[in-house]
Amino acid sequence: MRSASPEFSTGPHTSDATARSSREPRGSLEREWLPVPGESAIPSTLRHRPRARSIVLPLVVLVPGLVLSVMLYVWTDNYQAASLARDFTSLAQEREHRIHETISVNMQKLLSTAALFDASSESGVSHSAFRRFAGPLLADRLGVRALEWVPRVRRDEKELYESRAKLEGIAFGIRPVNRGQSADNEATRDHFPVFYIAPRKNNEAAYGIDLASDPVRREALERARDTGLPAATAPLELVQDTEHAKSTLVFVPLYSSTPKPATVDDRRERLIGFVLGVFRLPDLLLGATAYLDTEDISVALMHDTEVVAGRAPDAGRSALARAHPILVGGRSWEIYSAPSQAFITARTTARPALAMVGGFLLTLAATGYLYVTLRSSEFRAALAHSERRFRTLVEHAPEGILVVNVETRSLVDANRNACRMFGMNRAELMHSSLTELSAPVQPDGKDAVTSAQEHIREALAGGTPVFRWLHIGRDKREFPCEVRLVRLQSTEGPLIRASITDISERIRSEERQARLMRELDHRVKNNLATVISLVEQSAANTTSGEDLRASLAGRIHSIAIVHSALARSHWSGMQFRDLCLMTLGPYNLAGEAQRIGIQGPAWHLPADACASLCMVLHELATNAVKYGALSAQNGRVQLTWTSDRDCIQILWQETQGPPVKEPQSTGYGIRLIEGMIEHEFDGTAEIAYPRDGVLVRITIPRDSAQREANAA
Amino acid sequence: MNRDGRTQRTNGRELRETLITQNNSDSAAPSRHVIIVDDNFAVADGLRRSLEDHGHCVIGMAASVRSAKALVSRTSCEVAVLDIDLKGETVIEVARLLAKADTPFFFVTGFGESLVLPPDLSDAPRLEKPARIEDVLRMIDTLCAVDQTH
């Protein structure tokens with residue numbers, strides 16, 4: 001790459017730089033011209049960067065806001081669930097308590113009945129007495145549905161009891177629970193027939209049933225006998241129960257001795273019978289929860305995993321469901337409670353969801369507001385920055401800038417240059433009216449108001465008029481300006497910006513240029529007129545064609561050299577000495593001694609005097625060359641001029657030339673000399689012809705020699 | 001060479017004399033008393049000679065406003081030829097003096113159209129420098145003829 005452009009590879013240092021600059025010419029140029037971005041040379045206040053703040057801050061609000069909303073949801077939901085569980089637990093506990101109570105009350109009834117038997121002799125309680133005692137206990141029909149007396153009937157006492165039953169008026173015959181099914185140990189064991197029943201109604205079918213004939217009943221029966229405590233059977237369907245509801249039979253053992261025998265063998269020996277309570281479980285449950293709202297909670301009584309009363313629980317329907325264990329008659333039971341759907345629904349609100357949605361909305365609103373606020377402040381900052389930038393553009397514009405509100409006819413803005421132009425400070429300028437700042441009559445010949453209205457109308461129509469205008473500054477001085485108008489976009493009404501350039505200097509320059517052109521034109525024409533006149537006069541006074549050619553060429557040449565010298569001096573004239581050197585120089589031939597001596601004080605000639613004096617000198621020199629001193633080898637001319645208060649005197653003295661003879665007639669050259677001095681300078685030219693050399697004395701009044709200078 | 005030049009000159013002069021004779025005989029222009037105001041001697045003197053060659057009488061020449069005014073008041077001319085710029089002065093005062101005396105005049109100027117004269121003189125006839133002698137003669141004749149009809 002480096003050797004690719006050998007014409008640039010002037011050295012090892014530059015080749016690197018040129019290779020880089022050829023790759024990225026703009027970049028390297030800008031690196032040279034501009035300070036490197038980030039350098040401390042660039043003040044940070046000149047920068048405006050869009051801030052990440054307007055993104056970050058809203059996010060800082062948004063994310064925690066959303067998280068908080070979710071947390072609010074979780075918290076509210078937990079609170080609601082806890083409240084639901086508390087409500088449910090409280091209700092469930094109430095039911096459990098009632099069930100406990102009911103069972104306890106009914107067990108008391110059973111124990112009271114047992115106490116009745118205990119307090120009497122074996123045959124002391126008649127059937128009717130039993131019924132009278134049990135009747136009130138069973139009045140509520142909730143809990144114990146029936147109380148029974150089940151005596152221990154030994155094998156040999158069977159007939160005795162059957163006859164006693166007959167006596168009591170009970171249709172009685174000892175028989176197994178399930179007819180036709182005889183127990184395995186029928187022959188050897190004691191019988192436990194149902195002997196008394198209260199209430200009797202609907203229970204007649206139970207008389208005489210040998211409860212020991214059924215394994216379920218026998219299990220509880222034997223347990224009660226052996227432990228001496230009330231024992232309940234597993235839930236079973238009673239033969240007389242047409243609804244197939246589950247019941248449990250609770251046996252309370254009675255012994256022949258009080259207190260009850262201490263050992264199992266003793267108890268077996270001394271057992272006389274059982275007081276039996278029939279608990280119909282659905283009724284028990286109903287009785288316990290009779291006055292409670294059953295809609296809220298479903299309650300069931302369970303044994304093992306079987307529902308024995310109440311509504312069956314829907315497995316896994318609610319996490320709130322609880323199972324409360326109780327021990328009744330030596331058996332484990334469970335009170336199972338579960339909230340109903342209605343209970344859950346009534347206590348489950350949309351509050352958590354609403355809280356979350358509300359949180360979301362609030363967060364989003366806050367985020368949005370924050371974002372919009374930050375962006376708008378950022379936008380305002382950018383706007384202010386841009387405003388400052390344009391302010392600088394306007395403030396440092398080379399033109400004076402005024403902004404005019406067309407509706408209110410007032411100035412609304414002015415830059416520094418405008419203030420400088422009008423020589424006012426900003427406040428003064430802003431309080432000035434346009435009329436005060438404008439000359440009454442404008443360069444287009446119209447009055448200021450009419451002219452301004454035309455231009456402003458054009459600008460309002462979307463044009464950009466450019467025109468000359470005469471403004472007036474504070475010092476009442478008029479100054480010509482070039483004004484450009486343009487309409488500005490604005491909400492404050494129609495605004496017009498005027499960009500004003502003071503063109504005084506330009507106009508002066510243009511005028512100077514035009515004057516120079518006119519001057520040149522004038523001089524060229526005067527020169528041409530002079531040339532024509534010279535041609536005619538020379539022709540009329542010369543007899544030889546060669547003389548005519550030579551004299552004409554010399555005269556025109558003298559006009560030419562004066563013209564070019566004056567042009568160089570911009571027609572400001574020149575020193576007489578310079579004019580002499582210029583005109584007479586060619587006669588001092590190279591290699592020779594100075595043949596023409598020049599001496600005199602500084603004398604500045606006005607431009608108009610130069611051409612004539614040049615012509616005069618030229619004629620004198622020509623004459624000298626032709627007839628006078630300069631025609632001889634050693635001839636010399638001494639040109640001196642002196643100046644006094646009134647006039648300037650020029651002396652042309654020829655010496656060492658050939659002997660002088662006064663000419664018979666004056667040639668055109670002599671007439672030109674005399675005519676020019678007399679006509680143009682009001683002076684005199686005296687030409688004398690002494691033998692040793694021509695002597696010319698020219699006297700010019702000072703005032704005519706400097707007339708132009710005075711006039712200018 | 002000398003012979004040739006002389007011959008040429010002689011021919012030129014003869015031709016011009018013929019023209020003058022024709023001019024004089026055709027238009028029968030009368031001789032006028034003329035003053036010339038021009039700050040350039042060569043031009044003024046050339047014009048004087050030409051006018052005299054054509055039968056006019058140049059009664060004075062001036063190069064400055066001062067001498068021109070003196071000339072105008074001293075002599076009684078019939079027509080004046082005025083250069084406008086006289087070494088930085090303008091000939092306007094002289095022109096006004098002439099206009100006051102009802103003496104016809106015209107300008108011969110190198111300024112051309114660019115020079116704006118005061119309103120009272122803006123209608124004055126003008127010739128552009130360098131002016132041809134024929135134009136100058138015709139202007140003199142016209143102005144004097146008009147002057148006489150008034």
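Colleague: To begin, where is the place of A:Asp682?

Modeller: A:Asp682 sits in the loop of chain A between helix 19 (668-681) and strand 23 (684-688). Helices (H or I, at least four residues) and strands (E, at least two) are DSSP runs, numbered from the N terminus. This is a predicted model, in which local features need pLDDT of at least 70 and side-chain atom pairs count only at pLDDT 80 or more, while totals for chains, interfaces and linings use all residues. Residues are numbered from 1 along each chain as its sequence is written, and chains are lettered from A and ligands numbered from 1 in the order in which they are written.

Colleague: Is A:Asp682 buried or exposed?

Modeller: A:Asp682 counts as buried, because it has 20 C-beta neighbours inside 10 Å. A residue is buried if 20 or more other C-beta atoms lie within 10 Å of its own, exposed if 12 or fewer, and partly exposed in between, with C-beta atoms placed from the backbone. Its phi is near 55°, a positive value in a residue other than glycine.

Colleague: And A:Arg409, which has a positive phi although it is not a glycine: buried or exposed?

Modeller: A:Arg409 counts as exposed, because it has 10 C-beta neighbours inside 10 Å. Its phi is about 55°, and it lies in the loop between strand 13 (400-405) and strand 14 (410-414) of chain A.

Colleague: Let us turn to the whole of chain A. How many helices and strands are there?

Modeller: Chain A has 21 helices and 24 strands. Of its 712 residues, 29% count as buried.

Colleague: What share of the contacts in chain A join residues at least 24 apart?

Modeller: The share is 61%, taken among contacts between residues at least 6 apart in sequence. Two residues are in contact if their C-beta atoms, placed from the backbone, lie within 7 Å.

Colleague: Now the helix packing. At what angle do the axes of helix 15 and helix 16 of chain A cross?

Modeller: Helix 15 (residues 504-541) and helix 16 (residues 545-568) of chain A cross at roughly 165°, and their axes come within 10 Å. Axes are lines fitted to C-alpha atoms, for helices over the stretch in contact, and angles run from 0 to 180 degrees between N-to-C directions. The crossing angle therefore makes helix 15 of chain A roughly antiparallel to helix 16 of chain A. Angles under 35 degrees count as roughly parallel, over 145 as roughly antiparallel, 65 to 115 as roughly perpendicular and the rest as oblique.

Colleague: Which residues make that contact between helix 15 and helix 16 of chain A?

Modeller: Among them are A:Arg523, A:Asn527 and A:Leu534 of helix 15 of chain A, and A:Leu552, A:Arg555 and A:Ile559 of helix 16 of chain A. The residues of this contact divide into 8 nonpolar, 5 polar and 2 charged. Here Ala, Val, Leu, Ile, Met, Phe, Trp, Tyr, Cys and Pro count as nonpolar, Asp, Glu, Lys and Arg as charged, and the others, Gly among them, as polar.

Colleague: How far apart are the axes of helix 16 and helix 18 of chain A?

Modeller: Their axes are 9 Å apart, and helix 16 and helix 18 of chain A pack at an angle of about 145°. The contact residues include A:Gly554, A:Arg555 and A:Ile559 of helix 16 of chain A, together with A:Cys610, A:Cys614 and A:His618 of helix 18 of chain A.

Colleague: Why is helix 18 of chain A largely enclosed by the rest of the structure?

Modeller: Helix 18 of chain A is largely enclosed because 18 of its 20 residues are buried. Helix 18 (residues 607-626) of chain A reaches 29 Å from its first C-alpha to its last, close to the 28 Å expected at 1.5 Å a residue; the expected span is 1.5 Å times one less than the number of residues.

Colleague: Which residues does A:Arg95 contact, leaving aside neighbours within four places in sequence?

Modeller: A:Arg95 is in contact with A:Thr289, A:Leu292, A:Ile297, A:Val299 and A:Ser337. A:Arg95 belongs to helix 3 (residues 53-118) of chain A and counts as buried, with 21 C-beta neighbours inside 10 Å.

Colleague: Finally, the prolines. Where does B:Pro130 lie?

Modeller: B:Pro130 lies in the loop between strand 7 and helix 5 (133-149) of chain B. The peptide bond from B:Lys129 to B:Pro130 is cis, with omega near -10°. In chain A, a cis peptide bond joins A:Ala198 and A:Pro199, with omega about -5°.
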